[in-house]
Amino acid sequence: MKLIEREYLQKLINTIGTPDIKVITGVRRSGKSKLMEQFIDYIREKYEDANIIHVNFSLIEFEDLQDYHQLYNYIKSAYKAGMKNFVCIDEVQMCENFEKAINSLHAEELFDIYLTGSNAFLLSSDIATLFTGRCLEIAVYPFSYSEYLRYFESNEVISDFDKFYVDGGMSGCYLYQNEELKLDYVKDIYTTIIERDLIKRKKIKNKVLLLKIASFLMDNIGNLASANSIANALSTSQKKVGDKTVGSYIKALCEAFLFYRINRYDIRGKKYLTSNEKYYLCDTSFKYAVLGKKDMNYGRVYENIVALELLRRGYEVYVGVLYEKEIDFVAIKRNEKLYIQVSDSISDENTFKREIDSLLKIKDAYPKLLIARTHHEEYTYEGIKVVDIAEWLMN
């Protein structure tokens with residue numbers, strides 16, 4: 001499979017020598033193991049005194065290390081004094097009680113430790129409890145649009161976007177020429193997440209309800225929702241769905257990195273709101289693979305793409321609330337803040353006015369953007385930048 005260098009590689013490089021346990025997380029097939037391979041290649045090239053202890057539990061040669069005592073002994077025996085000792089473990093969860101070995105190795109302060117694993121066992125919520133030492137999570141997302149263009153060595157920024165929002169960022173599907181085969185590949189990932197990461201690990205009993213909730217969230221990208229509203233929507237006269245069950249299932253879907261929850265932010269009151277939120281898919285290709293292309297709402301799909309790009313760029317992302325108006329995104333990073341509206345097309349004057357008016361009502365001086373499918377160069381309207389989504393994704 002073709003590889004490109006992703007921004008996460010530099011993030012890993014920047015952690016070399018820090019005392020943290022580095023844990024690479026992300027949805028299945030997002031490129032965690034390939035990233036580890038590239039990182040190991042970098043270490044070999046950069047450091048002559050590097051001693052790399054690489055364990056890949058996907059390979060049968062490491063099957064004997066699936067007991068944590070054996071894993072610990074193997075790594076300790078491979079230690080070389082006077083050298084930089086790197087421990088890189090792929091699919092670490094295949095070693096039972098792996099955290100005991102990792103915690104002990106970390107406490108000895110002899111190794112620089114890097115891990116990847118199935119998100120069935122390395123969910124974000126689990127990391128802090130698994131490891132007693134300080135951990136650094138490096139979140140890996142599916143391919144961004146800029147990575148998509150680099151993969152295909154394309155300079156067609158505007159036109160290729162129409163392919164990207166269907167193909168998505170699950171790069172394994174790029175090997176297939178037929179669109180149906182691509183979607184089958186993505187659907188297989190989705191099925192694995194549901195069956196292994198959620199039903200098996202979380203011991204979720206009601207698979208039918210879990211699938212209904214996932215489909216509901218996919219079908220309602222960009223709409224405000226709550227556990228209670230979803231429970232009401234899925235309840236029938238014959239069978240009532242409990243909001244607590246729905247809430248726990250949504251939490252599980254988010255912990256498996258299939259969805260990301262975006263909370264609301266009161267712009268005028270400068271406070272975070274806890275009621276109602278929006279949910280965005282880790283990659284829009286899952287929507288097409290599972291639900292098909294019925295009732296296409298391009299504006300919502302573009303909104304999803306922008307939300308994930310903001311997360312990739314390290315922003316805290318919120319849905320803005322100002323009086324009775326809604327701002328699609330408030331993106332915050334340290335002292336930086338952005339207000340963003342996303343639309344499919346703004347060629348209709350009424351649509352343009354509606355989107356712009358929401359931003360004009362914000363009176364502070366932070367930057368404001370209207371991102372849409374304009375097919376034109378960026379321009380400014382009353383202080384608001386109006387930019388084509390494909391161009392913004394490449395910025």
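Reader: Where is glutamate 109 found?

Author: In this predicted model, glutamate 109 is found in the loop that runs between α4 (98-107) and β4 (112-116).

Reader: And is glutamate 109 buried or exposed?

Author: Glutamate 109 counts as exposed, because its relative accessibility is 71% and the cut-off for that word is over 50%. Its phi is near 60°, which is a positive value in a residue other than glycine.

Reader: What about histidine 375, what is its phi near?

Author: Phi of histidine 375 is near 60°, again a positive value in a residue other than glycine. Histidine 375 has its place in the loop between β11 (368-372) and β12 (379-381), and at 47% relative accessibility it counts as partly exposed.

Reader: Switching to rings: how many aromatic pairs does a search of the whole structure find?

Author: The search of the whole structure finds 30 aromatic pairs. One of them joins phenylalanine 161 and phenylalanine 164, a tilted pair with 6.4 Å from centre to centre and 40° between the planes.

Reader: Where do phenylalanine 161 and phenylalanine 164 lie?

Author: Both lie in helix α7 (residues 161-167), three residues apart, which is about one turn of the helix. Phenylalanine 161 counts as buried at 0% relative accessibility, and phenylalanine 164 counts as buried at 5%.

Reader: Why is the pair of tyrosine 176 and tyrosine 185 tilted?

Author: The planes of tyrosine 176 and tyrosine 185 are at 40°, with the ring centres 5.9 Å apart, so the pair is tilted rather than stacked, which would need under 30 degrees, or edge-to-face, which would need over 60. Tyrosine 176 is partly exposed, with a relative accessible area of 34%, whereas tyrosine 185 is buried, at 18%.

Reader: Which residues do ring pairs link into a cluster?

Author: The cluster linked by ring pairs includes Phe161 and Phe164, and among the others are Phe143, Tyr151 and Tyr302. Lysine 2 lies over the face of tyrosine 151, at 5.2 Å from the ring centre.

Reader: What sits over the ring of tryptophan 392?

Author: That is the charged end of arginine 313, which is 4.3 Å from the centre of the tryptophan 392 ring.

Reader: One more: where is the place of serine 30, and what is it in contact with?

Author: Serine 30 is in the loop between β1 (21-25) and α2 (32-46), and it is buried, with a relative accessible area of 3%. A polar atom of the serine 30 side chain lies 2.7 Å from the backbone oxygen of valine 27. Leaving aside neighbours within four places in sequence, serine 30 is in contact with Arg6, Val140, Tyr141, Pro142 and Met170.

Key:
Residues are numbered from 1 along each chain as its sequence is written. This is a predicted model: local features need pLDDT of at least 70, side-chain atom pairs count only at pLDDT 80 or more; totals for chains, interfaces and linings use all residues. Side-chain values use heavy atoms; hydrogens and water are left out. Rings of Phe, Tyr and Trp (its six-membered ring) pair if their centres lie within 6.5 Å; planes under 30 degrees apart count as stacked, over 60 as edge-to-face and the rest as tilted. Helices (H or I, at least four residues) and strands (E, at least two) are DSSP runs, numbered from the N terminus. Buried means under 20% relative accessible area, exposed over 50%, partly exposed in between (1.4 Å probe, protein chains only). A charge sits over a ring if NZ of Lys or CZ of Arg is within 6 Å of the ring centre and within 35 degrees of the ring normal. A polar contact is a pair of N or O atoms within 3.5 Å; within protein, one must be able to donate a hydrogen and the other to accept it, and residues adjacent in sequence count only if both atoms are side-chain atoms. Contact means heavy atoms within 4.5 Å.
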